[in-house]
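User: Please take a close look at the part of this structure that surrounds the ligand, and then relate the neighbouring elements to one another in a connected account.

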Amino acid sequence: MIKVQSLTKKYGGFTAVDDVSFTARPGRVTGFLGPNGAGKSTTMRIMVGLTPATSGHAEVSGRRFADLPNPGLEVGVLLDASAQHAGRTGREILTVAAQTMGLGRGRVDEMLERVSLTPSESGRRVRNYSLGMRQRLGIATALLGDPEVLILDEPANGLDPAGIRWMRDLLRGYADQGGTVLLSSHLLHEIEVIADDLVVIGQGRIVAQGTKAELLATAGTLVRTRDVPTLARALVDADLEFSPTTDALRVDADPDRVGQVALAAGVALTELRAADGAGLEEMFLELTADTQRDHNREGVAA
Ligand code: ADP
């Protein structure tokens, strides 16, 4: 499993990762979700020893990455699919990696087949690969040593919908056999379909974590009425918190309670239902909006 404890990374006065703690468990796909610039890559780079932490630490299979004798056999890593040697062919990259790990050439063919790179594709230089092909090659490299843990940074970038489905099935199968998968994404829906557990990060801090089911269940109730002012007053009187969505109200209470309040206030409802992830989506949109505001501010300052 992967354990991250109170990880902090500062660049001068700027805190890129701020006291981040979470665990990714065997048999589960853990989605690491956050808008661009939230601190996902930095956290993952620290995990695999590429960036030193300012404080805190990360463990993979009970040890720091640097203390693993043959890391490739324990952790498969895909951090930046475009960072592969552009002048080598896909097959050469896999062969070099296999030799470093002490694995036979047969394993290379097996992996090429597993990620559906044809012999003609694997014989081409990586500079001529599409981003999707680079991602497949990166995943093949990560899987090469048959590790128990996978750490993948934005592996779905550049994959078409069929590619995303392929990756989802591959990671599901891997986790079902007891593997631990941590994958990052800046897209909520992409991660929602793949992950069992979610860790949500914004501006370097963890803002939510739990099983996907838990996070979706805390969404409250969506309610619609033609008489919003009366319903809003009744919700305030009942001490229920709510927020407007584009064309409805989202209330922090279950549908039964919201229905009772509306009935007591004599308000006719046009819709009343569990919000199914609307809370998660709203939270994520707020995080994304904050990040964009920051970018704008930086833009103005520049
Ligand atoms: P994400 O992967 O979530 O998009 P990153 O971890 O790449 O986010 O970046 C988090 C923040 O840290 C960003 O604001 C980024 O600009 C900053 N950052 C990353 N690397 C460095 C660095 N080497 N020096 C200064 N700031 C950095």
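Analyst: Helix α1 gives the most to the shell around the ligand, with 3 residues. Both α1 (40–47) and strand β2 (14–24) supply at least two residues of that shell. Helices (H or I, at least four residues) and strands (E, at least two) are DSSP runs, numbered from the N terminus. The model is predicted: local features need pLDDT of at least 70, side-chain atom pairs count only at pLDDT 80 or more, and totals for chains, interfaces and linings use all residues. Residues are numbered from 1 along each chain as its sequence is written, and side-chain values use heavy atoms, with hydrogens and water left out.

The residues around the ligand are Y11, F14, A16, P35, N36, G37, A38, G39, K40, S41 and T42; a residue belongs here if one of its heavy atoms lies within 4 Å of the ligand. Several polar contacts can be described, a polar contact being a pair of N or O atoms within 3.5 Å; within protein, one must be able to donate a hydrogen and the other to accept it, and residues adjacent in sequence count only if both atoms are side-chain atoms. A polar backbone atom of G37 is 2.7 Å from an oxygen atom of the ligand, and for a polar backbone atom of A38 the distance to a ligand oxygen is 3.1 Å. K40 takes part through a polar side-chain atom, 2.8 Å from an oxygen atom of the ligand. The protein covers 59% of the 560 Å² of accessible area that the ligand has on its own, by the Shrake-Rupley method with a 1.4 Å probe; for residues, only the protein chains shown count as cover.

Elsewhere, an open sheet is formed by 4 strands in the order β11-β12-β10-β13, with antiparallel pairing. Its edge strands, β11 (242–244) and β13 (269–274), each pair on one side only; two strands pair if DSSP finds at least two bridges between them. Antiparallel β11 and β12 (residues 249–251) are joined by 3 bridges, and P244 stands opposite L249 in β12. Helix α10 (residues 228–237) packs on the sheet, touching β10 (221–225), β11, β12 and β13, and its direction makes about 15 degrees with that of β12. Contact means heavy atoms within 4.5 Å; axes are lines fitted to C-alpha atoms, for helices over the stretch in contact, and angles run from 0 to 180 degrees between N-to-C directions. Helix α11 (residues 255–264) lies across β10, β12 and β13, running at about 155 degrees to β13.
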